[in-house]
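Please keep the sequence and the structure in view while reading.

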Amino acid sequence: MSRWTTRLVFSASVLGLAISTAPAPLLAADRLQVGLWEFTSTTDGTPNRFKHCVTPDEAGSINHDTRTARAYAEKHAAGRCTINDYKVEGSFVGYSLTCGDRTIRSRTTFHGDSSEGDLFTTVGGKETVSHVTARRIGACP
């Protein structure tokens, strides 16, 4: 997966792409915390690591209700991708988006200072599965 796609997928998950009738939203600390995060995406046994500074806006979007999160995600994906669906239930966030000929589905569980999930990327009828783990490693520089 390209660096742009990896970051896009992360951004999409953080931005909250969902359609849901989830119970009342959790407090911000229950899903995603602001700060510097390290992500490891493992595809076919090969890890790809990168760091990303999660901003208050990004964390806020994933910690709000589905409608607010989806609106934020659609604003940031405009012109590049189409958000197909999104679901938030407790600490779980799932979504699907299409970027050109690529469809990406994500299923992630957030734990405040860590997360774990799977990305399913389909291009030309071929699906690639990536397992993604992340952890907050401190304050942003």
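## Disulfides

The torsion about the S-S bond of Cys53 and Cys140 is about 110 degrees, so the disulfide they form is right-handed. The two residues sit in distant parts of the chain, Cys53 in strand β2 and Cys140 in the segment after β7, 87 residues apart. In this predicted model, the S to S distance of the pair is 1.8 Å. Cys53 counts as partly exposed because its relative accessibility is 29%, and Cys140, with a relative accessible area of 26%, is partly exposed as well.

A disulfide also joins Cys81 to Cys99, with an S to S distance of 2.0 Å. Its torsion about the S-S bond is about 105 degrees, so this disulfide is right-handed too. The pair links distant parts of the chain, with Cys81 in the loop between α4 (66-77) and β3 and Cys99 in strand β4, 18 residues apart. Both Cys81 and Cys99 are buried. The count of disulfides comes to two, and when the bonded cysteines of the chain are numbered in sequence order, the pairing reads 1-4, 2-3.

## The sheet

Seven strands form an open sheet, in the order β2-β1-β7-β6-β5-β4-β3, and the pairing is antiparallel. At its edges lie β2 (46-54) and β3 (82-89), each of which pairs on one side only. With direction ignored, neighbouring strands of this sheet are turned against each other by 15 degrees on average.

Strand β1 (residues 35-43) runs antiparallel to β7 and is joined to β7 by eight bridges, in which Thr40 has Thr133 of β7 as its bridge partner. Nine bridges join β1 to β2, again antiparallel, and here Trp37 is the bridge partner of His52 in β2. β1 and β2 form a hairpin with two residues between them, and in the turn Asp44 has a positive phi of about 50 degrees.

Although Ser41 and Leu119 are 78 residues apart in sequence, their C-alpha atoms are 8.9 Å apart in space.

## Helix α3 against the strands

Helix α3 (residues 56-63) lies across β2, β3, β4 (92-99) and β5 (102-110), and runs at about 105 degrees to β2. The helix is mostly covered, with six of its eight residues buried. The buried residues in α3 are Glu58, Ala59, Gly60, Ser61, Ile62 and Asn63.

## Confidence

The mean pLDDT of the chain is 82, and 79% of its residues reach 70 or more. Confidence is highest in strand β7 (residues 126-138), at a mean of 98, and lowest in helix α1 (residues 3-15), at 47. Over residues 1-6 the pLDDT is below 50, and this stretch has eleven contacts in the model beyond near neighbours in sequence.

The pLDDT also stays under 50 over residues 12-29, for which the model has 65 contacts beyond four places in sequence. Where pLDDT is low, the predicted coordinates should not be read in detail.

Notes
Residues numbered from 1 in each chain as written. Predicted model: local features only at pLDDT ≥ 70, side-chain atom pairs only at ≥ 80, totals over all residues. Heavy atoms only, no water. pLDDT = per-residue confidence, 0-100. Helix = DSSP H or I, 4+ residues; strand = E, 2+ residues; numbered from the N terminus. Contact = heavy atoms within 4.5 Å. Pairing = 2+ DSSP bridges. Axes fitted to C-alpha atoms, helices over the stretch in contact; angles between N-to-C directions. Buried < 20%, exposed > 50% of the residue type's maximum accessible area, 1.4 Å probe, protein only. Disulfide = S-S within 2.5 Å.
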